[in-house]
Amino acid sequence: MEKTGARRAPGQVRDAILKVLDEATAPLSVMEICDRVSAVTGPVPRSSIQSYLSLNTPRLFARESRGLYRPSAPTNLSLPLPLAPQEPLRPPFHFGRTSLFHAEALRWLDRRPARSIHAVVTDPPYGLHEYSPVQQRKLRERRGGVWRMPPSFDGHRRSPLPRFTTLTPDQLAQLERFFHEWGRKLRPRLVPGAHVFVASSPLLSFIVAGALARAGLERRGEIIRLTTTMRGGDRPKAAHAEFPEVSVMPRSNWEPWLLFREPIEGRVQDNLRRWKTGALRRPSKDKPFGDVIPSAPTRRAERAVASHPSLKPQAFLRQIVRAALPLGEGVVLDPFAGSGSTLAAAEAVGYSSIGLENDSEYFDLACGAIPKLARYTPSGTARPPR
Ligand SMILES: C[S@@+](CC[C@H](N)C(=O)[O-])C[C@H]1O[C@@H](n2cnc3c(N)ncnc32)[C@H](O)[C@@H]1O
C-alpha cells in the first residue's frame, strides 16, 4: 500500500493511526494524521493514510463531518509505539515558583516521575472540539462554530461560551474516554492523598466524575462556584414572541468543581506526615474549607491581561488553590493551563506550581499574563493568607 519503499511490520501504519487518533484531543484531518504518523514511523504518503482510513472505517475509525477522523470505539491505548517526536516547542517559562511547559498533557504525564505532584487544580477542555485548531480559528475570527458569542451587554463584549448542548452521543463517549485516560495517566504521578479539583459544567460533570472514579480516584465532593453565567435561560430559538413565558433550560448560576483524591496511605494523619497531603487547608484556624464559594465573574482588569475565553477569576482560584495543599507544601499541577490563571493563583499564595498548555498562542499569552495576574489584587477581597 505504501509507495515510499520503507519496510514496516504488518499493521504498523494502521496501529500508528490508531495511536495518533487516540492521543488527539479532537478529531483530525487526513493531513494532520499523516504528519503525526510520519513523525513516528517515517514518511508515509497521504494516499496510504487515506486508504487505511477508508479500509478501516467504520470498524476502527469514524469519519465526522468535513473529513475529520476519530477512533470509532475505545482502542488499546498501550499500543507499543515510540512517543512521537514533539513539534517545535517553546522553551519552558519560569517565574518565581511557577513553571509552564508548552506540552500536550497526556504525553507530558507519561514522562513525569512517579509520585511527584501534590495537587491538581484545572479547568480542562470539554467538547474536546472547542480547543481543536479548526474551532480555535473560528473563535479567533469570532465566527462561532462550537463557540457561542453572547450579545454585548452595557457596551461590553462578553466572553464566548462553548455550546455543550451540541455534543453528540459519540462525542460524549469520546469525552468519557479522554477523562478516563487522563485520570489513568495522572494517578501514578500523584502522591497518595493528592487532591484533584476539576472545573466542570452542570451538563457534563456526571461524565467526567464517572470517568475519574473509573480511573480509581476517590470522589470527595463537589465545590459550587456561585457565579452568574450566560448559560441557559433562553426562550425557544426563533419563537421568542410565541413563547414569551418559557425558558428552554434554567439560567445557570453556578459552576461545579469536582473534587477527587488519590487514595491515602494509612490514616489521614499518617498521610499528612509522610506526603503532606490527604486533607484540605482551612481558610483560617476557625473555619473549615467550604463547598459553596460565592464568586463574581472574572473582572475586566484580569481579562485585559489574559484574554482567554475561559479565564477564571483570581479571587476564586486563590481560595481553591490554597485549600489544595493542606500544609502549604508540595507542587500544584494545572495540566490545561490556558492563560496560566491557576499558576498565578499558586504564585500569589506562595505555592510551587507547574502548568501545561499545548496551544502556542495561549502558551505565549500565559507567559505574559502569569506575572501580572499573580500581582493582581482582586478588589473587595483580602489577599488570602500565605
Ligand atoms: C478551559 S481552558 C483553561 C483556561 C484557564 N482556566 C484560564 O483561566 O485561562 C483549557 C486549556 O487547555 C488547553 N488544552 C486542551 N487540550 C490540551 C492538552 N491535551 N494538553 C494541554 N493543554 C490542552 C487549551 O488550549 C486551553 O487553553
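**Ligand, strands and loops**

Me: How far from an oxygen atom of the ligand does a polar side-chain atom of Ser341 lie?
Reply: This is a predicted model, in which local features need pLDDT of at least 70, side-chain atom pairs count only at pLDDT 80 or more, and totals for chains, interfaces and linings use all residues. Residues are numbered from 1 along each chain as its sequence is written, and side-chain values use heavy atoms, with hydrogens and water left out. A polar contact is a pair of N or O atoms within 3.5 Å; within protein, one must be able to donate a hydrogen and the other to accept it, and residues adjacent in sequence count only if both atoms are side-chain atoms. For Ser341 and the ligand oxygen, the distance is 2.5 Å.

Me: How much of the ligand's accessible area does the protein cover?
Reply: Accessible areas come from the Shrake-Rupley method with a 1.4 Å probe, and for residues only the protein chains shown count as cover. On its own the ligand has 600 Å² of accessible area.

Me: Which residue in strand 13 is the bridge partner of Val332?
Reply: Strands (E, at least two residues) and helices (H or I, at least four) are DSSP runs, numbered from the N terminus, and two strands pair if DSSP finds at least two bridges between them. Strand 12 pairs in the parallel sense with strand 5 (residues 117-122) over two bridges, and Val120 stands opposite Leu333 there. Strand 12 also pairs in the parallel sense with strand 13 (residues 352-357), over four bridges. In strand 13, the partner of Val332 is Ser353.

Me: Which residues of strand 12 point the other way from Val331 and Leu333?
Reply: In a regular strand the side chains alternate between the two faces of the sheet. Buried means under 20% relative accessible area, exposed over 50%, and partly exposed in between (1.4 Å probe, protein chains only). Leu333 is buried because its relative accessibility is 0%. Strand 12 covers residues 331-334, all of them buried, and opposite to Val331 and Leu333 point Val332 and Asp334.

Me: Which residue in strand 11 is the bridge partner of Arg225?
Reply: Strand 9 runs antiparallel to strand 10, joined by eight bridges, and Arg219 stands opposite Phe260 in strand 10. With strand 11, strand 9 pairs in the parallel sense over three bridges. In strand 11, Arg225 has as its bridge partner Ile293.

Me: Is Lys276 buried, exposed or partly exposed?
Reply: Most residues other than glycine have a negative phi. Lys276 has a positive phi of about 70°, and Lys276 sits in the loop between helix 8 (268-275) and strand 11 (292-294). Ala238, with phi near 60°, lies in the loop between strand 9 (218-226) and strand 10 (254-261), and Ala238 is exposed because its relative accessibility is 82%. Lys276 has 28%, so Lys276 counts as partly exposed.

Me: How many disulfides does a search of the whole structure find?
Reply: A disulfide is a pair of cysteine sulfur atoms within 2.5 Å. Cys34 counts as buried because its relative accessibility is 8%, and Cys367 is buried because its relative accessible area is 17%. The number of disulfides found in the whole structure is zero.
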